[in-house]
Structures are given as C-alpha cells and as structure tokens.
Amino acid sequence: MFAPADSERKTTKAAASAADIVILDLEDAVAQDRKAHARAVCAEFLADCPVAERRRLWVRVNPFDSPHTLTDLAAVLPGRPGGIMLPKARGGQDLRTLDNYLSALEVAGGTPAGHTAVIALAPETAESVHTMGTYRDAPRLAAVTWGVADLAAEIGAAAVSGADGRFGPVLETARSLCLFGAAAAGAVAVDTIHADYRDSAGLRARCLRARQDGFGGMLAIHPDQVEIINDAFAPTEAELAAAQEIVDLFAADPAAGAIGHRGALLDRPHLARAQALLSRRRPS
C-alpha cells in the first residue's frame, strides 16, 4: 500500500494496516518543492520504527530520469527499509545500476550486503513496454508491477478503463507483458492500483481476475482496500485441500509423470500449480 512519505500521519496509518508491504512514496505523492522535506520525514519514520517492522516498509524513490534518485537513496538507506520501488524502470540495466548504488550505500551504512530488495515498476512508459523480457537475472528483484496512469497519459489514451472497469486492449497488453516479464524473471507479478478506493465491488472483481491470470497481489492506495485484496488473493480452504490432495498423490508415486484423478489426468504442471498455491497460504 502506498503512503505519501511527507505525511507522518498517513505513513503511520499505513504501517498499522494489514498490508504485506507499505510503500513510503517519495515520487508521485510528493510535490517537487516538498521532495527534501519528504526525504527527511521518511528517514525519521524509518529510524523510529522497530528494526523487525522495517522489513515491510519499502520506499518508492524518484525515477532515474529525475535529479532525485541518488539523493533519495542516500537519505533512506541508513534506515534499512525492506526494499526500494524503482518507478519508470526502463529494463534490467536500470536494476543493475540500482544494485550498484544500493551495494555502495549498504557498505557505507553498515547494512548487510544485499539486504535491500527491489520492486520494478514497469511497464510505466511506452519505452519500457519493449524491455519486459530483460529482467531475467536482474539483481535484488522481488516483484514487478506496472503503472497504468502514467502509461495511459504517455500514449494519449482517452480513458484508463471502460464502463465495465476493464482496461482496453492496448493497456491490457502492457498488463500482460508485466505478468510475462515477472514470470520470466522468477519474480512476483503485482497488478496495478484500483483508483476508486470507494468501489469495493469493482476492486474485488479486479483482484479475482488478477489472481486467475497469475498475479500474486495488487497495489493499494487506501487502507480500506487492503482487507479486500488480502481476502481475494488468499486461497480458500477448498482450494488448499484440493492442492494438498494433488501434492499427496504425486508424493505417494514420485516416479509418475501423470496420474488419473477424479476423471482428469494430472501431470507435472498440475503439481507445480498446486505447490505454488500452497505456498501462498496466509499465516493464521
């Protein structure tokens, strides 16, 4: 969930939510003349949080095409956030550049090497649509998400979505490339925001479709969205039981390539999907 980094009240409220990751935002949520103030507030907020809590506190820095990225990183890395979100990522090379910066700052601040993970926000520009296959082996990459608002503005889209709440085919292409790029890189794909935070039904429908498509989560912009997202992406007890049954069948016959079960033929991809679903079981 995003929270403006220049508002201690909003970051405190976000941190108290059930969001898996809270993203303290130094980019879009902060006006140009408040960037320095936001860095100071963000750094102080991180320093005041218990060390164990900081693993779920991440920071969205400003993009590489701005003059702020290195200053942002230097300000927040001493607070040991769990990770950095890089907006408008142009491809795997941007993550390698970011890795160099993070490695130097970790050494300088006494942070264990590699402590800081990365979420790439791409595609978010027209350029980045063409580089989604370059994130394989990108260092520190934990997840990939995409930015519908900036992308729609850059290509001149008249609307972000239709009356039914679905993206049109052009933006849906970018969404699909985000999913494919994340899968190729072995990272979690996270779907973009649902901008109307009062539209609970629309958000839930978006979440269920995203989960069906293969996304592992969704970005939130308001605390009221977190419970809906968590609930929609959590496997049901029936799904967990069915997945466990498939895992148990293959465990009982490790040499089998395919197993007949309930009138269907289960093969190794079924096993992989079952194992992946079981790994998403939320702690009780």
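Residue D191 touches T145, W146, R175, R206, A210, F215, G217, M218 and L219, leaving aside residues up to four places away in sequence; contact here means heavy atoms within 4.5 Å. The model is predicted, so local features need pLDDT of at least 70 and side-chain atom pairs count only at pLDDT 80 or more, while totals for chains, interfaces and linings use all residues. Residues are numbered from 1 along each chain as its sequence is written, and side-chain values use heavy atoms, with hydrogens and water left out.

D191 belongs to strand β7 (residues 188-191). Helices (H or I, at least four residues) and strands (E, at least two) are DSSP runs, numbered from the N terminus. With a relative accessible area of 0%, D191 is buried; buried means under 20% relative accessible area, exposed over 50%, and partly exposed in between, for a 1.4 Å probe and protein chains only. Although D191 and W146 stand 45 residues apart in sequence, their C-alpha atoms are 6.7 Å apart in space.

Helix α1 (residues 8-15) shows how burial can be arranged along a helix. Its residues T11, A14 and A15 are buried. They cover an arc of only 95° around the axis, which puts them on the same side of α1; the arc is that of the directions from the helix axis to the C-beta atoms. An α-helix has 3.6 residues a turn, so residues three or four places apart point the same way. The cover over the buried residues of α1 includes β1 (2-4), β2 (22-25), α2 (35-48) and β3 (57-60).

Helix α10 (residues 237-252) can be examined in more detail. Its 16 residues, at 1.5 Å a residue, should span 22 Å, and this agrees with its end C-alpha atoms, which are 22 Å apart; the expected span is 1.5 Å times one less than the number of residues. The buried residues of α10 are L240, A243, I246, V247 and F250. Seen down the axis, these buried residues fall within an arc of 125°, so they line one face of α10. The face turned away from the buried side carries the exposed residues E237, A238 and A252. Among the elements that cover the buried residues of α10 are β9 (258-261), β10 (264-267) and α11 (268-279).

The packing of α10 against α11 has an angle of about 130°, and the axes are 9 Å apart. Axes are lines fitted to C-alpha atoms, for helices over the stretch in contact, and angles run from 0 to 180 degrees between N-to-C directions. The two helices, α10 and α11, are therefore oblique to each other: angles under 35 degrees count as roughly parallel, over 145 as roughly antiparallel, 65 to 115 as roughly perpendicular and the rest as oblique. Residues of α10 that meet α11 include L240, A243 and F250, and their partners in α11 include L271, A274 and L278.

Finally, some backbone features deserve attention. Most residues other than glycine have a negative phi, and most peptide bonds are trans. A cis peptide bond, with omega about 0°, joins A122 and P123, and P123 is found in the loop between β5 (117-121) and α5 (126-129). D137, in the loop between α5 and β6 (141-145), has a positive phi near 70° and is exposed, with a relative accessible area of 67%. R262 lies in the loop between β9 and β10; its phi is positive, near 50°, and R262 is exposed at 69% relative accessible area.
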